Amino acid sequence: METAQEVVRLKETARNTRKLILEALAEAGSGHPGGSLSAVELLVTLYFRVMRHDPKNPKWPDRDRFFLSKGHAAPLLYSILAQAGYFPVEELMTLRKIGSRLQGHPSMGIPGVEAPAGSEGIGLSLAVGTSLVAKLDARPFRTYVLMGDGEQQEGQVWEAAMAASKFRLDNLTAIIDRNGIQQDGLTEQVMPLEPLAAKWRAFNWNVIEVDGYDLPQLMDGFDLAISTRNRPTVIIAHTVKGKGISFMEWSPHYHGTPPAKDKLRDVLSELG
Amino acid sequence: MLSKTAAMRDAYGDALLELGAENKDVVVVGADTTGSLKSGVFATKFPERFFNVGIAEQNLVSIAAGMALAGKIAYAGTYAIFVPGKSVDQIRNNIAYPNLDVKIVCSHGGISVGPDGASHQQVEDIAIMRAVPKMKVIVPSDAVSTKASIKAIATIPGPFYVRLTRSSTPVVYDAGFQYELGRANVLREGGDVAIVACGIMVPEALKAAESLSSKGVSASVVDLHTIKPIDSETLVKLARKCGRVVTAEEHNIMGGMGSAVAEVLGERYPVPMRRVGVMDTFGESGEAGELLRKYGLTAANIEQASLGLKGQ
């Protein structure tokens with residue numbers, strides 16, 4: 001598909017993804033909109049352009065793996081998986097409800113979810129594990145992992161970063177949703193991360209910085225990661241917490257506060 | 001029996017070598033203690049399936065989980081003080097919750113670690129690990145049962161924690177030991193008191209039973225090698241038969257094997273009990289034998305507890 005056409009298609013999917021996230025969260029009455037909305041284009045590009053996967057066959061052995069390490073963005077992952085066809089879109093309205101498959105944070109038993117998540121800082125290590133197995137068995141699948149930026153404060157991220165470069169895991173791509181905000185405020189106030197790119201370079205990773213909403217940049221970034229040899233790649237995607245909803249943007253409050261159900265129509269009207 | 005000694009860690013290395021040859025999906029992950037743990041011998045035969053992640057115990061656990069997610073049976077471990085000590089969250093969320101084929105095998109459990117002192121003497125691991133849903137917990141009593149257990153768990157799906165001992169220990173079993181999940185081994189039948197032990201306290205329990213017999217007290221001795229899932233049937237049967245139970249473990253008396261036994265009997269067949277173990281305290285430096293005596297983890301302590309229950 002022509003890039004221009006593809007961008008139009010992905011933009012429409014991104015718009016629909018935001019709508020599904022907000023509807024599911026409003027219905028649930030709790031959950032995390034800010035960090036779900038910030039990373040929409042990252043996952044839309046991955047699932048609808050980059051990754052080799054088959055919603056009809058979620059356990060296909062050679063599928064590319066995706067780990068959501070920032071597990072609180074579960075509404076984002078679920079909205080993507082539902083649109084891809086892993087489960088019915090209507091099921092999104094059961095998010096966080098008793099008896100639902102759609103747990104507040106990802107868990108096994110949801111088609112398309114590769115691992116439980118929710119405790120920050122541990123997804124990159126899982127990705128190192130699957131990447132090692134792909135190398136060991138000479139299998140073609142790649143592993144992708146989305147981390148939060150606040151999550152970079154967890155020590156285990158850097159244990160995994162060392163291991164990935166030791167084992168030359170060029171089949172591994174990490175993505176950081178660099179939206180600058182964590183639960184208690186700005187990352188640079190709570191626990192400064194900068195210079196973040198320099199830190200990853202110092203750990204011998206291939207570092208790519210992109211605008212997290214520029215789809216051609218994102219596509220190029222993922223392609224460059226795939227063609228890079230002997231080193232893992234991290235894509236630092238500059239994003240906006242709460243992206244797309246004016247009063248949620250840049251707001252630590254909407255890290256973990258859903259939209260009110262009776263205001264949902266107004267909120268969704270912002271998506272155009 | 002008990003006259004020979006052998007090292008559980010050597011048995012672990014032997015078992016890994018056999019597993020490596022039998023099953024190409026077995027991988028080994030270590031954290032800078034692979035020489036000590038003897039998991040490193042796996043690398044001599046199967047270097048491509050051996051991964052040393054350095055001093056990074058959280059990463060150790062989560063990488064093993066990732067490998068299991070991609071279809072491997074991962075044996076991961078280091079010293080018990082560090083796993084589970086530094087990595088409970090990873091064990092819980094990466095391994096147990098998704099019920100993955102990760103077999104955590106750690107050495108240096110208990111205070112018999114010796115001169116390294118309290119910072120290296122893990123006396124809480126049984127309590128921690130058995131509280132995690134889906135986790136199965138094994139504390140072998142000697143090298144022979146260690147090897148058999150390590151091999152057996154490769155064929156039983158899901159996560160395990162196996163706790164080994166640093167020093168060489170008396171051999172309890174002949175080579176024919178067969179591991180059966182959740183089935184305690186009754187090593188000696190007696191009618192006055194049932195002594196339930198695990199790990200290095202099993203040989204001590206056997207010695208205690210011998211000494212008690214010379215005093216006219218007949219003791220059953222049980223090797224409760226698998227603390228979870230626990231063999232409730234055997235425990236209830238023995239409680240009914242003996243009317244008194246003494247537990248013995250190289251672990252804090254809070255939350256460990258003795259607690260697990262008390263939970264079963266408290267609900268199903270309450271009888272008077274005594275728990276021999278570390279009395280909710282930290283250890284210290286010293287030789288293993290000195291520490292076991294000082295902290296009340298010997299045959300004499302088991303005998304005393306048994307006699308106390310008998311009112312003698």
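Guide: A definition to start. Ala, Val, Leu, Ile, Met, Phe, Trp, Tyr, Cys and Pro count as nonpolar; Asp, Glu, Lys and Arg count as charged; the others, Gly among them, count as polar. Keep in mind that this is a predicted model.

Visitor: How do I read empty space in a model?

Guide: Rolling a probe the size of a water molecule over the atoms shows where empty space is left. Here, the largest pocket holds about 300 Å³ of space.

Visitor: Which residues lie nearest the centre of the largest pocket?

Guide: A:His72, A:Glu120, A:Glu151, A:Gln182 and A:His255. They belong to a lining of 19 residues.

Visitor: How do the residues of that lining divide?

Guide: Eleven are polar, seven are charged and one is nonpolar.

Visitor: How much space lies in the second largest pocket?

Guide: About 250 Å³. Its lining has 16 residues, and B:Pro170, B:Ile200, B:Glu204, B:Gly289 and B:Leu292 are the closest to its centre. Strand 8 (169-170), helix 8 (201-214) and helix 11 (288-294) of chain B each give two or more residues to this lining. Helix 11 of chain B provides the largest share, four residues.

Visitor: And by class, how does the lining of the second largest pocket divide?

Guide: Into seven polar, six nonpolar and three charged residues.

Visitor: Now the cavities. How many of 30 Å³ or more does a search of the whole structure find?

Guide: Two. Of its 17 lining residues, A:Phe67, A:Leu68, A:Ala115, A:Pro116 and A:Ala117 lie nearest the centre. Strand 1 (65-68) and helix 5 (123-136) of chain A each give two or more residues to that lining. The largest share, three residues, comes from strand 1 of chain A.

Visitor: What classes make up the lining of the largest cavity?

Guide: Eleven residues are nonpolar, five are polar and one is charged.

Visitor: Which residues line the second largest cavity?

Guide: Its volume is about 40 Å³. The lining is B:Met8, B:Gly109, B:Val139, B:Pro140, B:Arg163, B:Leu164, B:Thr165, B:Gly199, B:Ile200 and B:Glu250. By class, five are nonpolar, three polar and two charged. Domain 1 (5-170) and domain 2 (185-310) of chain B each supply at least three residues to this lining.

How values were computed:
Residues are numbered from 1 along each chain as its sequence is written. Chains are lettered from A and ligands numbered from 1 in the order in which they are written. This is a predicted model: local features need pLDDT of at least 70, side-chain atom pairs count only at pLDDT 80 or more; totals for chains, interfaces and linings use all residues. Side-chain values use heavy atoms; hydrogens and water are left out. On a 1 Å grid over the protein atoms alone, a cavity is a set of points where a 1.4 Å probe fits but cannot get out, and a pocket is an open set with protein on both sides within 12 Å along at least five of seven lines; lining residues have an atom within 4 Å of a point. Grid points are joined across faces, edges and corners, and a volume is the space filled by probe spheres set on the points. Domain bounds come from an automatic or database domain assignment.
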